[in-house]
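Visitor: I would like to learn how to read this structure. Please take me through it step by step.

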4 protein chains.
Amino acid sequence: MPEHARIAVVGPTGYTGGELLRILTGHPMVEVRALLRTGSEETVSLPQAHPHLRGVLHLDCVPYDESFLDGVDAAFLAVPSGAAMELVPTLLDRGIKVIDLSADFRFRDPAVYSRVYRREHKATALLERATYGLPELYRWRIRESYLVANPGCYPISVLIALLPLAKRGLIRPEIVVDSKSGISGAGRNRLEVGYLFTELFGDFRPYSVGQHRHAPEMIQELRQLLGEEPALSFTPHLIPISRGILSTIYCSLKEPVPLQQVRRLYEEDYQGEPFVRIVPDGELPRVKAVAGSNFCDLAFAIDRYSGHLIILSSLDNLTKGAAGNAVQCLNLMMGWEETTGLMEPGLMP
Amino acid sequence: MPEHARIAVVGPTGYTGGELLRILTGHPMVEVRALLRTGSEETVSLPQAHPHLRGVLHLDCVPYDESFLDGVDAAFLAVPSGAAMELVPTLLDRGIKVIDLSADFRFRDPAVYSRVYRREHKATALLERATYGLPELYRWRIRESYLVANPGCYPISVLIALLPLAKRGLIRPEIVVDSKSGISGAGRNRLEVGYLFTELFGDFRPYSVGQHRHAPEMIQELRQLLGEEPALSFTPHLIPISRGILSTIYCSLKEPVPLQQVRRLYEEDYQGEPFVRIVPDGELPRVKAVAGSNFCDLAFAIDRYSGHLIILSSLDNLTKGAAGNAVQCLNLMMGWEETTGLMEPGLMP
Amino acid sequence: MPEHARIAVVGPTGYTGGELLRILTGHPMVEVRALLRTGSEETVSLPQAHPHLRGVLHLDCVPYDESFLDGVDAAFLAVPSGAAMELVPTLLDRGIKVIDLSADFRFRDPAVYSRVYRREHKATALLERATYGLPELYRWRIRESYLVANPGCYPISVLIALLPLAKRGLIRPEIVVDSKSGISGAGRNRLEVGYLFTELFGDFRPYSVGQHRHAPEMIQELRQLLGEEPALSFTPHLIPISRGILSTIYCSLKEPVPLQQVRRLYEEDYQGEPFVRIVPDGELPRVKAVAGSNFCDLAFAIDRYSGHLIILSSLDNLTKGAAGNAVQCLNLMMGWEETTGLMEPGLMP
Amino acid sequence: MPEHARIAVVGPTGYTGGELLRILTGHPMVEVRALLRTGSEETVSLPQAHPHLRGVLHLDCVPYDESFLDGVDAAFLAVPSGAAMELVPTLLDRGIKVIDLSADFRFRDPAVYSRVYRREHKATALLERATYGLPELYRWRIRESYLVANPGCYPISVLIALLPLAKRGLIRPEIVVDSKSGISGAGRNRLEVGYLFTELFGDFRPYSVGQHRHAPEMIQELRQLLGEEPALSFTPHLIPISRGILSTIYCSLKEPVPLQQVRRLYEEDYQGEPFVRIVPDGELPRVKAVAGSNFCDLAFAIDRYSGHLIILSSLDNLTKGAAGNAVQCLNLMMGWEETTGLMEPGLMP
């Protein structure tokens, strides 16, 4: 077990890159060694990209060049889907452990990837070496993996919420997932009118209705857990805030189980999970209680009129939904205590 | 058809009261005659309560007293549920037409009212004279009514979205309604920590999960439309904005109907409706496009994975969801052009 | 006095264009005849640009072509500075009255314009025909003008606040103006990372410190009013909201005048002004009380420690700060009642 | 130098209390021993008050009782002004070091305290033992102090911005300070309509114009630094965000000094200051770059028209403006490295 690791972050100037650096600068076993940009030949100082990191980390973001990988133990890829699969083979060849935050290695079947992301997969041979990086589901595999595909933010919020019921086959395959996300999920490169402050302030809107790319990702994992084909309806929406996802999940139990028993089942399954918090009766998850932290909060209710089970799940899309979960995977891959550098609570108010 | 009406607003200092006054001051056939407070013996100037109305309407908000009702033709009740039923008998006795924005006269069955609002109904004899004030459903009855129960904001957004399919019996009774509302829906008298700016800023949270009072209101109307008992799951959430509701509705068709045909059906039904706008293909409703207006925007999608029909509906909870709809009812009750004073677009950006 | 005017809006797709159309569609004497785009050859439907105007105005935004000017009585130019002066000569030649919302005709001295806007003025011959469109100062001239230069949003908020004292020579020339504006002031075409929702949410920041283009505009008018050279310090800031400006103005009186007398002086000067509201003692202007309206709210205080006079001024940068003031000018130019179409209160909450 | 300290937080349920706990739970040398409420006899669990701290700190907030002080080394008082001076004598008698975040011990002259806070000072004998807790000014005294009065949030932002010029006597005493603060500065106990989300959303407003309690606090320190009586105009405003203060300070130099020399002077004075960051030329402080951190960012400009010097200063009112500065004082009082537990960057976006 190495006591220290030298880390490269590829794609440091976006929101996920910034969040990785915010976490990694507080991580006692990590030395951030290289900040590598793809898609731009310009060097930018870190505070230009992330003014909150001024004085905290003294490194420039430089154009990607393999020479900067010398001595690097692990790399985070915070680059767009499609760009990651170009980089991964080289990194693995150099013995560098990779946590890829793009979608490139999330699907086991390259045909699904092609259909969903509308491009050919260029590193299909590596797909079977990749582990879907959800510690709550694949902890033991992540520990031994050299290539971890960090899941999408919505799938993390939904799979954690469904795992205990799904793996026991207690729920019907018809599941409605209504998710709401802060705008940082759109990334920093969406220079479109629709993402201007003035357009989103005071607004709330759905997008990609009935066809979001994270749906097949959830379906891949749910199919395996349920042992049957899920009929998933997934609708994402934009909340006019920076950070946070709330997923409201409607499902029905195959056989009636009292709510308290459902809760107990979650408490048992998740009592050892450092980042899953079951919210007590009478309280409900809210985005603000997890913003800036690696926690995922869960609660349960039975609808008085339909009898449906409603599961509520909240997390920070940049932390447990992206960078925090990725560092959790790094900790596992390095053999470190899983919570290292990640126990910091979020920011309220 | 009177060319003019003298109006009283009971409960003028809350958000619904303010919105009524904003609309009524621009209404060419209305003279606002009295602003009557219940529950307080203090007179407040209108700009103290509503600084945006400074210089626009010169009337004080005075403690309720019947003497102020002399000569009044119609009254809006923007008082809490429970308080309205105390006032209505007197008003009707005086020949004053009443639009009640509370829940007191929304349920046909007083037992349902008692169960949902946890108090006895004190004016059950008037229930059968009350009309559920949804013009898109009960226009002809509203025209002849002296007592209109303005529907809840969520039910308006949901019923307009479901009417064309429900009344034709095309959808299954299992319906999931995931609604999101701006905070003004909580009113101005909720002096609780949870409604402070600092608590809600940057937050998003569900509330009354599985047990909101608007569910039985929707169920009452849907039961009648569907001709069978609906299995409705309804979850409301708080969006950190002032105004606006977006409802995301998941249902399934009894027999497959192509999306374009669903859309055509809505276009036919709603082509004469002045305040229902079908958003064109490729666009989606958003809260901001209706905020400050009396419009309700609708769109449709089929989920690629589950095949479910998803209906999206947006309106301003204070306007089409409350005060605007109430003025629309007034227009009908007075025999005026239904859109009088209501065609003003919302405010963007 | 024409009972009706046919209007063209050049630059209809931006925020000022949208606000003009929102107001003009409710204006009883105006027919919007043409929506003309410069800088793009693409026709867009109005709801594509302004979804809140769906169903309210049925006109496309088409590429600018002189043929659309036939029969037009007046035109609003909501185009960038630099573009307006290319269009104005043609419009005036056709006898069309022009209200230009750009900066092109605000400066009497073309050398100042060149220095501030870093381009040559191409229509200097028209400068003396242009009237600085502040009704509170130049009402009589606007009435007779064919070319009105609508002032900048900050100058309107500041000049209305200083007029009564400045024209009487009661204040010293050292004036500090600290202004704060909603983001819509930046317009819709600023597709820069800094204007993304996620960047501005939760932020507050100054910009153009010590060198904003609106400073020389204020100085031009203050110099004339004061009869001496003002020493103006002006700092604008961005508030993370859509609409509204608050200016906090620090000045000192040449000779001590009690606060109540200052207030009386303003009340006298502004009692006939339909859109200037003096906020009563004990209250203060706030952005939200004027948002969506053509009002400008004012209040006064003496600093207990320095003895300085502090004047507070709030308005909506898109309404009284731009489109509303422009329509007020149109009303004057057409000989109509000055408040026509403009008395609608703003939106609260 | 103790390697460890046991800490009590009195007043743990408010925003400052929550921020103290957020920081202290990540502080390697601190054990939080007691959470003591004054003004309430009710025990509340920590997550009830601060849901973001669920699972991070397992302590209840109990009614204040001296018995909980056994073994405590230092106490933070996050109670209202007026309440602190009741508690301090007992704490000091027990040998407990006190960092008081209220205003009770900020003024050297009890007459000033009485005038500003409208109550008698009940512990005047302790005033000379109290140190004004601004490490950038009184570091050596704080180290030896048993009673530190943590400064007000606005004074911290202003004094750090003025120190280098003021202590050298380079500026004139006429200073205009225009400050803007997030709403958390109002605390959690202001259950007034004006602090509801719906009232402040989309708003921006001044308050306490010309008479805020933090003005005399700044004046006390500036008088000493300048060696003459300052003529300070201070206006605070509310930004509709949770956290952050931006102060825009207008002053003039007694003799002309080039901007670059002003900057150099600050860089020299502050090069050893761990939490003061001079923002490079071409950039400006913004609230979001410091939110959640203990940094204070500064920049400078000369107004092109008036020649005035403008200093911009940003910090998080709850961190460097309150709890973070208080922990910085604790570190000094305990002889620890001053930055312990405080180097964490803020949260962006």
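This is a predicted model: local features need pLDDT of at least 70, side-chain atom pairs count only at pLDDT 80 or more; totals for chains, interfaces and linings use all residues.

Visitor: How many residues does the contact take from chain A and from chain D?

Guide: Contact means heavy atoms within 4.5 Å. Chain A gives 35 residues and chain D gives 35 residues.

Visitor: What area do chain A and chain D bury between them?

Guide: The size of an interface is often given as the accessible area lost when the parts come together. Buried area is that loss, taken with a 1.4 Å probe and summed over both parts. Here chain A and chain D bury about 2,800 Å². Carbon and sulfur atoms carry 63% of it. On the chain A side, Arg54(A), Leu347(A) and Pro349(A) lose the most area to chain D. Together they make up 25% of what that side buries.

Visitor: How many salt bridges are counted between chain A and chain D?

Guide: A salt bridge puts a side-chain nitrogen of Lys or Arg within 4 Å of a carboxyl oxygen of Asp or Glu. The count between chain A and chain D is two. Arg54(A) forms a salt bridge with Glu283(D). Their closest N and O atoms are 2.8 Å apart.

Visitor: Which residue classes make up the side of chain A that touches chain D?

Guide: Ala, Val, Leu, Ile, Met, Phe, Trp, Tyr, Cys and Pro count as nonpolar; Asp, Glu, Lys and Arg count as charged; the others, Gly among them, count as polar. That side of chain A has 17 nonpolar, nine polar and nine charged residues.

Visitor: What rotation superposes chain D on chain C?

Guide: Two copies of a chain are related by a rotation about an axis and a shift along it. For chain D on chain C, the rotation is 180° with 0.0 Å of shift along its axis, and the RMSD is 0.0 Å. That is the relation of a two-fold axis.

Visitor: In what order do the strands of the open sheet in chain C run?

Guide: Strands are DSSP runs (E, at least two residues), numbered from the N terminus. Two strands pair if DSSP finds at least two bridges between them. The seven strands of this sheet in chain C have the order β10-β11-β9-β12-β15-β14-β13, with mixed pairing. The edge strands are β10 (205-206) and β13 (276-278) of chain C.

Note on methods
Residues are numbered from 1 along each chain as its sequence is written. Chains are lettered from A and ligands numbered from 1 in the order in which they are written. Side-chain values use heavy atoms; hydrogens and water are left out. Buried area is the accessible area (1.4 Å probe) that two parts lose on being put together, summed over both. Copies are superposed by least squares on the C-alpha atoms of residues with pLDDT of at least 70 in both. Helices (H or I, at least four residues) and strands (E, at least two) are DSSP runs, numbered from the N terminus.
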